[in-house]
Each structure stands twice: as C-alpha cells, then as structure tokens.
Amino acid sequence: MAELTTHVLDTARGRPAAGVPIRLYECRGDERTLIKTTETNAGGRTSGPLLAGQALRVGVYELVFGAGQYFRTQGETLADPPFLGEVVIRFGVADPSAHYHVPLLLSPYGYSTYRGS
C-alpha cells in the first residue's frame, strides 16, 4: 500500500523517542510546502501514516525532526545552539504506489537513517 511512515529511536537511551516534533514538507525546486506537523507517540511512531494513497506523489520531500527540543524534554544538557537542533532528511519518492519508511536513529551528537520497510 502506498504510504509514507517514520519512527524515531533514541539510541542514547536505548528506547523509542516519544514526543519528537516532526514537520513534513514537499519540495519543488527552491520552494518547500508544509504538508503536515505531528509528533511521535510512546512507541516512537506517528499515530498514522504521514501520507497515504494518492496523497503520496512522485517528488522530493523533507522530514524535519525537532531533535534539540526532544532532548531538552529528556533533561539533556545541550549547548546553545545544540549540535543537532533539527535533523533534516530530504528524500525522493519515485514509486508512489510503494511503502516508504524513513526511520531516524537519534542521539544528541549523531543520527542515522535509511529506507526501511
């Protein structure tokens, strides 16, 4: 089924990252259009797909994760500005009938992502 999903894992604490603010943008050239704002739940996931069905189109998207805000709520002492205030992942959707899963493995000083299933 065509959909875009994500989840965030806090690798510094070894658990799902609950309460991470997320913004989803569609990118066309130099323009970005905000499509959705949400945050992760107790399982580190969003309450549903970020996009599904015909809303998922061929194109370039950005997920912006509020890493600094999340780590501050966890009691982490961060520099000002934090090393990772926001994590921006820009990715392309070539097959809008496919499932695109973009997980984020996050710590205060590093992150990793990949196309999951």
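H7 is buried, with a relative accessible area of 10%, and I start with that residue in this predicted model, where H7 sits in strand β1, residues 3-10. The side chain of H7 makes a polar contact with the side chain of H101, at 2.8 Å. If we set aside the neighbours within four places in sequence, the residues in contact with H7 are G44, R45, H101, V102, P103 and L104, so the 10% figure, being under 20%, is what places H7 among the buried residues.

Let me turn to the charged side chains. Side chains of opposite charge can pair when their charged atoms come close. Over the whole structure, the search finds 7 salt bridges, and I will go through some of them, beginning with the one between the side chains of E76 and R13, where the N to O distance is 2.8 Å. That pair links distant parts of the chain, since E76 is in the loop between α1 (67-73) and β7 (87-93) while R13 is in the loop between β1 and β2 (15-16), and the two residues are 63 residues apart. As for accessibility, E76 is partly exposed at 26%, and R13, also at 26%, counts as partly exposed.

Next comes R23, which forms a salt bridge with E86, with the closest N and O atoms 3.0 Å apart. R23 counts as partly exposed at 27% relative accessibility, and E86 counts as partly exposed at 44%.

In a further salt bridge, the side chains of R57 and E26 meet at 2.7 Å, N to O. Here R57 lies in the loop between β5 (51-52) and β6 (59-65) and E26 in strand β3, so the pair ties together parts that are 31 residues apart in sequence. The two partners fall into separate accessibility classes: R57 is partly exposed, with a relative accessible area of 38%, whereas E26 is buried, with 10%.

Between β3 and β6 the antiparallel pairing extends over 6 bridges, and the bridge partner of Y25 in β6 is E62.

Last, the aromatic side chains. The count comes to 3 aromatic pairs, one of which is formed by Y61 and F91: that pair is stacked, with 6.0 Å from centre to centre and 25° between the planes. Y61 belongs to strand β6 and F91 to strand β7, so to speak of sequence, the two are 30 residues apart and the pair links distant parts of the chain. Y61 is buried at 1% relative accessible area, and F91 counts as buried at 12%.

Another pair is that of Y70 and F71, whose ring centres are 4.9 Å apart and whose planes stand at 65°, so the pair is edge-to-face. Y70 counts as buried at 1% relative accessibility, and F71 is buried, with a relative accessible area of 1%.

Terms used. Residues numbered from 1 in each chain as written. Predicted model: local features only at pLDDT ≥ 70, side-chain atom pairs only at ≥ 80, totals over all residues. Heavy atoms only, no water. Helix = DSSP H or I, 4+ residues; strand = E, 2+ residues; numbered from the N terminus. Buried < 20%, exposed > 50% of the residue type's maximum accessible area, 1.4 Å probe, protein only. Polar contact = N/O pair within 3.5 Å; in protein donor to acceptor, adjacent residues only side chain to side chain. Contact = heavy atoms within 4.5 Å. Salt bridge = Lys/Arg side-chain N within 4 Å of Asp/Glu carboxyl O. Pairing = 2+ DSSP bridges. Phe/Tyr/Trp six-rings, centres within 6.5 Å; stacked < 30°, edge-to-face > 60°.
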